[in-house]
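Here is a friendly briefing to read alongside the picture. Please keep the model in view and find each residue as you meet its name.

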Amino acid sequence: MVREIQTLLLSHKHIHLRWLKAHVGYFGNECADHLAKEAIAKSDPFFLPKPLSYLKSEIRPAALSIWQENWHNGETGCSTHDIVSRVSNKPVGWNREELMFVTGHGPIPSYLHRFNLRTHDNCSCGEIGDPMHYATKYLFTLSWHFQTPSVSLKLQWLKNILTNNLSRTRLRFLMRFICDENNLIVEDNH
């Protein structure tokens, strides 16, 4: 098509191309613009009758709504859902260790047992080896202990830790210790 246009321009010396400011009332330019849009609409299956910014503003809330519904009705992520109940495009700002603590994932006996990677979920001291145990009771993590919350205040306790920079630092050190010194926290699996 481009070659055909170039050939026509070269053979018709009286045709000149020049730039015109768009949408200022040049009749020929307005007609050409209108015809070009009609041609695109008829030939291009991806032509969008609305600007992309408008479509984004419509799609984003709809996608967030679907995501929120799935988050509320999902069967996984319950521990995280309790803390972050609203979905968002903005990251929560947790690092790896904080995520492991909240979700209970990582080299933690209760997590490994849940996926049949251990025969039991006991810590080396004989109690259930979950993040709360290591954060409040376990002898080898005493340096990073937090005060044990009552059952009714456990969720608020965790939210408070995750919003306090000093507590988050202690939590990161605790989880790094658990990852690095896993042989101290795991009871013999036999």
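Met175 lies in helix α9, where helices (H or I, at least four residues) are DSSP runs numbered from the N terminus, and so are strands (E, at least two). This is a predicted model, in which local features need pLDDT of at least 70, side-chain atom pairs count only at pLDDT 80 or more, and totals for chains, interfaces and linings use all residues. Residues are numbered from 1 along each chain as its sequence is written, and side-chain values use heavy atoms, with hydrogens and water left out.

- Is Met175 buried or exposed? Met175 counts as buried, at 0% relative accessibility; buried means under 20% relative accessible area, exposed means over 50%, and partly exposed is in between (1.4 Å probe, protein chains only).
- Apart from neighbours within four places in sequence, Met175 is in contact with Glu97, Met100, Phe101 and Ile108; a contact means heavy atoms within 4.5 Å.
- Met175 and Pro131 are 44 residues apart along the chain, and their C-alpha atoms are separated by 8.5 Å.
- Arg168 is found in helix α9 too, which covers residues 165–180.
- Arg168 is buried, with a relative accessible area of 15%.
- If you set aside neighbours within four places in sequence, Arg168 is in contact with Gly93, Trp94, Glu98, Ile161 and Leu162.

**Helix α7: Pro131 and Thr136**

- Pro131 is found in helix α7 and is buried, with a relative accessible area of 9%.
- Which residues does Pro131 contact, leaving aside neighbours within four places in sequence? They are Met100, Phe101, Gly104, Ile108 and Ser110.
- Along the chain, Pro131 and Ser110 are 21 residues apart, while 8.6 Å separates their C-alpha atoms.
- Thr136 has its place in helix α7, and Thr136 is buried as well, with a relative accessible area of 9%.
- Not counting residues up to four places away in sequence, Thr136 touches His145, Phe146, Gln147, Thr148, Pro149 and Trp157.
- Thr136 and Ser57 are 79 residues apart along the chain, with 46 Å between their C-alpha atoms.

**Helix α2: Glu30**

- Glu30 lies in helix α2, residues 27–43.
- Glu30 is partly exposed, with a relative accessible area of 28%.
- Beyond its neighbours within four places in sequence, Glu30 is in contact with Ala22, His23, Val24 and Gly25.
- From C-alpha to C-alpha, Glu30 and Ile40 are 15 Å apart in space, and they are ten residues apart in sequence.

**A loop residue: Asn116**

- Where is Asn116? Asn116 sits in the loop between α6 (109–114) and α7 (131–136).
- The phi of Asn116 is near 55°, a positive value in a residue other than glycine.
- Most residues other than glycine have a negative phi.
- Asn116 counts as exposed, at 67% relative accessibility.

**The cysteines**

- How many disulfides does a search of the whole structure find? The search finds zero disulfides, a disulfide being a pair of cysteine sulfur atoms within 2.5 Å.
- Cys123 is in no disulfide, and the nearest cysteine sulfur, that of Cys125, is 3.7 Å away.
- Cys123 is buried, with a relative accessible area of 0%, whereas Cys125 is partly exposed at 43%.
- A disulfide is a covalent bond between the sulfur atoms of two cysteines.

**The whole protein**

- The protein has ten helices and zero strands.
- The radius of gyration of the protein is 31 Å, but a compact globule of 190 residues would have one near 16 Å; the radius is taken over C-alpha atoms, and the globule rule is 2.2 Å times the number of residues to the power 0.38.
- Along the principal axes, the C-alpha atoms fill a box of roughly 95 × 35 × 30 Å.
- Of the 190 residues in the protein, 24% are buried.
- Among contacts with a separation of 6 or more, 43% are between residues 24 or more positions apart.
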